[in-house]
Every structure is written in structure tokens, then in C-alpha cells.
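Keep the structure open as you read.

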Amino acid sequence: MPMILSTPLLSEPSFLSYARVGIVSTQRKKTAIFCSSHSLKDNGASLQSGCVLHRKENLSRRFLLFVLVSSGLSPTLPSSGKTKSKNPYDEKRLLEQNKQRQKENNAPEDFPNFIREGFEVKVVTSEDYRKSDSGLIYRDYEVGKGDCPKAGQQVTFHYIGYNESGRRIDSTYLQGAPARIRMGTNAVVPGFEEGIRAMRPGGKRRIIIPPELGPPVGPSTFFSSKQFEVFDIELLSIQNCQRRTIAFYSDVVCN
């Protein structure tokens, strides 16, 4: 209906156009009578009255447009913008790019794939992986035997760390010595401690740490962006620890 109202006003500036759409006000009637009464005079007077009529019609149109805009009845133009939606082709392309980078970095077998588009990341794994309530993703290659480590105990383990591209960023095997930490002391990032807490001696596990369980990000840290981290962990042993105090010296000794 707004389109019908506005179109004749812009294309047919005559009194008939107003009557055709049913918008005949008292002011417009006066304008039409004023025009017809002066059209009987000479050419000069008729020209003058035509100018007066033209100005009055312009004022009427402006008033009508003001009413339409202020009342929200103005016609809405179709928007040419497109809503961004995920394209399956783009997702497949990003997946293939990640696989290619992992192949170039000699990533291990059954390594997870990461489809990153801006700040959104989709993790693609096999059905052998599990996900905890915190968001940690893991897979057990060997379960191991014995009890799981408890807070205060020391664990000895080997690990290899990877980034999303499958590039190795750290390895205790290459360092030639295993790592040791005490559980419950915030010695490692939350995702790593959660992953090793459910392991048993002799077990081998791969964990995928999401950014919210990973290291802090910022200019004062080694990490400049939030990314997933992958660790292959081999738990070697668990030791009990106790605090030892000699005079003014105190430390923790683990068997």
C-alpha cells in the first residue's frame, strides 16, 4: 500500500493523480479551484498561476512524504547485502589445507584435523576420541595398570607437543629425560593436568587441549593466539611425596 501511495505522487503531478488514489484533502481542493479560476486570464496571468500551483503541489508532496517517513509507512527498499553463511565447499577446502600442512609437518597417524575460520574452530577426529565435560578431547592407546595419580603425588612422564598444523613444538624424548611434576600445584596448564590425572602407570594417551584449558595468551607470554594444543603422553610412574623440614630449611621429597 505505501508503494501505491508514493508512486503517483512522483510521476503524475496533477489533480487527477490525487483523486485516483483517494488522497483529496481540503487544501488540495482549494489548490485545484485556484488553478482553474486563474486559467481563464491572459497568458501572463495563467503562467503566474501555474507557478503558484506548482509551488503548492511541491509543498503538498513534501508534507505527504514527511508524514509517511515519520509514521513508518515509507516503502522499504530491498537490501542487497547477503547474510554470511557457512559454505560446505569452503569447509572442505579448509580441511584439505589443514591435512596438507600436517602432511608436510610429518604429523603422527590419526592426528586430529582443525578447520579454522576466523575465531571459530572445528575439530575433526575419529570415533576413538572422547570428550570430557570440560571440553578436553582425548584418546587412550594404552590404559596402563595401577592407580591414577592424586593431588600431592609426583608423576614422571614423557610427552610430545604439537600445534594445530601437526608441527612438533616440544618433546621430552628429544631432550633425553622425562618430565616430572607434582599434581595439584598448577605446574602445568589445566588441560594437561586433567588429561594426565586419569591415566595409570604405563598408559599412553593423546589429549587435545582447547584454548580455554590452555596457556594464557598475551604479550607477556610465549603464546600470541588462542589455539588448540595436542599432546602425546606416556605416564611412566607415580611417586608419593612428603614434606621434609630441617632447622629453617623445608622441602618436598618424593620417593
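A nonpolar core, as the term is used here, is a set of buried Ala, Val, Leu, Ile, Met, Phe, Trp, Tyr and Cys residues joined through side-chain atoms within 4.5 Å. Bear in mind that this is a predicted model.

## The cores

Start with the largest nonpolar core, which has 16 residues. Inside this core, the residues with the most contacts are F157, F192, I196 and I233. At least two core residues come from each of β5 (154-162), β7 (179-182), α7 (190-197), β8 (204-209) and β9 (229-239).

Which residues does F157 reach once its neighbours within four places in sequence are left aside? The list runs T172, P178, A179, I181, F192, I196, I233, E234, L235 and L236. There is also a second, separate core of nine residues, with I137, I160, F228 and V230 among them.

## Helix α7 and its cover

On α7, the buried residues are G191, F192, E193, G195 and I196. As for what sits over them, the cover includes β5, β8 and β9. F192 and I196 are also two of the residues with the most contacts inside the largest core.

## H158 in β5

Is H158 buried or exposed? This histidine, found in strand β5, has a relative accessible area of 13%, so it is buried; the cut-off for that is under 20%.

The H158 side chain makes a polar contact of 2.8 Å with the side chain of T172. Not counting residues up to four places away in sequence, H158 touches T172, Y173, A177, P178, D232, I233, E234 and L236.

Strands β1 (residues 113-117) and β2 (residues 120-124) run antiparallel and are joined by five bridges.

## Charged pairs

Side chains of opposite charge can pair when their charged atoms come close. The count of salt bridges here comes to eight.

Take R139 and D110, whose closest N and O atoms are 2.1 Å apart in their salt bridge. R139 lies in strand β4 (residues 137-142) and D110 in the loop between α5 (88-104) and β1, so this pair ties together parts 29 residues apart in sequence. R139 counts as buried at 16% relative accessibility, whereas D110, with a relative accessible area of 28%, is partly exposed.

Next come R116 and E164, whose side chains meet in a salt bridge at 2.7 Å, N to O. Because R116 lies in strand β1 and E164 in the loop between β5 and β6 (168-171), the pair ties together parts that are 48 residues apart in sequence. R116 is partly exposed, with a relative accessible area of 28%, while E164 is buried at 7%.

Then there's R205 with D140, a salt bridge in which the closest N and O atoms are 2.6 Å apart. This one links distant parts of the chain, with R205 in strand β8 and D140 in strand β4, 65 residues apart. At 7% relative accessibility R205 counts as buried, and D140 is partly exposed at 36%. Elsewhere, salt bridges that share partners join D110, D128 and R139 into one network.

Terms used: Residues are numbered from 1 along each chain as its sequence is written. This is a predicted model: local features need pLDDT of at least 70, side-chain atom pairs count only at pLDDT 80 or more; totals for chains, interfaces and linings use all residues. Side-chain values use heavy atoms; hydrogens and water are left out. Buried means under 20% relative accessible area, exposed over 50%, partly exposed in between (1.4 Å probe, protein chains only). Helices (H or I, at least four residues) and strands (E, at least two) are DSSP runs, numbered from the N terminus. Contact means heavy atoms within 4.5 Å. Two strands pair if DSSP finds at least two bridges between them. A polar contact is a pair of N or O atoms within 3.5 Å; within protein, one must be able to donate a hydrogen and the other to accept it, and residues adjacent in sequence count only if both atoms are side-chain atoms. A salt bridge is a side-chain nitrogen of Lys or Arg within 4 Å of a carboxyl oxygen of Asp or Glu.
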